[in-house]
Amino acid sequence: MGLKGKYALITSSSRGIGKGIALALAESGVNVAVHYFQNQGAAIETLGQIRKRGSDGFLVQADIMRPDQIRAMFRKLNREFGKLDIFVSNARPEAPTFYQPPLEISLKQWDTALDSQATAFLIGVRETLPLMNEGGRIFAITYAQGSRTGGLQPWVGMGSAKAALESLVRYFAVAVAKRGVTVNAISPGWTEDSVMNTLPEQVQHLIRDWHSRGWTPMGRLGTPSDVGDVVSLLCSENRAGSPGR
Ligand SMILES: NC(=O)c1ccc[n+]([C@@H]2O[C@H](COP(=O)([O-])OP(=O)(O)OC[C@H]3O[C@@H](n4cnc5c(N)ncnc54)[C@H](OP(=O)(O)O)[C@@H]3O)[C@@H](O)[C@H]2O)c1
């Protein structure tokens, strides 16, 4: 689809990967609802950068673990935009709220992971669809490699939640295909200017070193703007998703 004048909601678009997606879409003329949780200052700054790119938007605050707050976010979106062309489910709570190995994770920590990913996506997509016309695009930001081996034991909550999220993506993709709406998961690798920068300096160094020595073909970590480019690409004219072909 041509992106100029379209409307997007990206959860957690105030910073990190969500911000990279917001700025990439704004560059193409998309108006963006900038969602944040606690850091309003970062959201204001991101909205300013969107406006500098010639697009517009508004701020919306919500805890994505609270279904009532997710619904309130979509009510605000309906009032401000009246429609939605692109929904990106990207938010993830801070690691200390869920990061525990399988034998120790509390049910509260487990629920935090599942509620923030699978349940938030379930509610978010259902709220999106009445606002979305043919040609709409829905994305979930996941981390597929996180749960592949079970090796990173304290990731069990988020790894299981992301696996459930990826499964939901497939179910929704089938459920809405006939409406001309596509549903995709995007799974970035380690990404700069994100949660990565909150890790201990030594760990960051190890990860950067590993990538620059050739773990990735480009010899560097990904960036939020790389992920933004992937979203933009998948939002562009999608012949496979266009009805009548
Ligand atoms: N970073 C990576 O290397 C990487 C790799 C693969 C996949 N991913 C995925 O990419 C997504 C974004 O990760 P990131 O590293 O860019 O994030 P981040 O920089 O750690 O930022 C976290 C974001 O989540 C928001 N947030 C935290 N708790 C929330 C809650 N309860 N409700 C709503 N929002 C909440 C924060 O909002 P406030 O600041 O307003 O509180 C913030 O915008 C995640 O789904 C993550 O799993 C990341």
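# Helix packing and a ligand shell in a predicted model

Welcome to this structure, where Pro67, Ile70, Arg71 and Phe74 in helix α3 meet Ala120, Ile123, Gly124 and Glu127 in helix α4. By class, this contact of α3 with α4 brings together five nonpolar, one polar and two charged residues. Please keep in mind that the model is predicted.

**The chain as a whole**

- Read from the N terminus on, the elements follow the order β-α-β-α-β-α-β-α-β-α-β-α-α.
- The radius of gyration of the chain is 18 Å, close to the 18 Å that the globule rule gives for 245 residues, so the chain is as compact as a globular protein of that length.
- Taken along the principal axes, the box filled by the C-alpha atoms is roughly 45 × 40 × 35 Å.

**Helices α3 and α4**

- Helix α3 covers residues 67-80, and α3 packs with α4 at an angle of about 30 degrees, their axes being 10 Å apart.
- That angle makes α3 roughly parallel to α4, because angles under 35 degrees count as roughly parallel.
- The crossing in which α3 passes α4 is right-handed.

**Helices α4 and α5**

- Helix α4 (residues 107-128) also has helix α5 (residues 156-176) as a partner: the two axes come within 8 Å and cross at roughly 15 degrees.
- As a result of that angle, α4 is roughly parallel to α5.
- Here too the crossing is described as right-handed, with α4 passing α5.
- On the α4 side, the contact is made by Gln109, Trp110, Ala113, Leu114, Ser116, Gln117, Ala118, Phe121, Leu122 and Val125.
- On the α5 side, these residues are met by Gly157, Met158, Ser160, Ala161, Lys162, Ala164, Leu165, Leu168 and Phe172.
- Sorted by class, the residues of the contact of α4 with α5 are 13 nonpolar, five polar and one charged.

**Helices α1 and α2**

- The axis of α1 comes within 9 Å of the axis of helix α2 (residues 40-52), and the two cross at roughly 20 degrees.
- Helices α1 and α2 are therefore roughly parallel to each other.
- Helix α1 passes α2 in a right-handed crossing.
- In this pair, Lys19, Ala22, Leu23 and Ala26 of α1 meet Thr46, Gln49 and Ile50 of α2.
- The contact of α1 with α2 divides into four nonpolar, two polar and one charged residue.

**Around the ligand**

- The ligand has 27 residues around it, and those that come nearest are Ser12, Gly16, Phe37, Ser194 and Val195.
- Helix α1, spanning residues 16-27, gives the most to this shell, with three residues.
- That places α1 in two parts of this briefing: α1 contributes to the ligand shell, and α1 also meets α2.
- By class, the shell around the ligand is made up of 14 nonpolar, nine polar and four charged residues.

Technical notes
Residues numbered from 1 in each chain as written. Predicted model: local features only at pLDDT ≥ 70, side-chain atom pairs only at ≥ 80, totals over all residues. Axes fitted to C-alpha atoms, helices over the stretch in contact; angles between N-to-C directions. Helix = DSSP H or I, 4+ residues; strand = E, 2+ residues; numbered from the N terminus. Parallel < 35°, antiparallel > 145°, perpendicular 65-115°, else oblique. Left-handed = near helix turned anticlockwise from the far one by under 90°. Contact = placed C-beta atoms within 7 Å. Nonpolar A, V, L, I, M, F, W, Y, C, P; charged D, E, K, R; others polar. Near = placed C-beta within 6 Å. Rg over C-alpha atoms; globule rule 2.2 N^0.38 Å.
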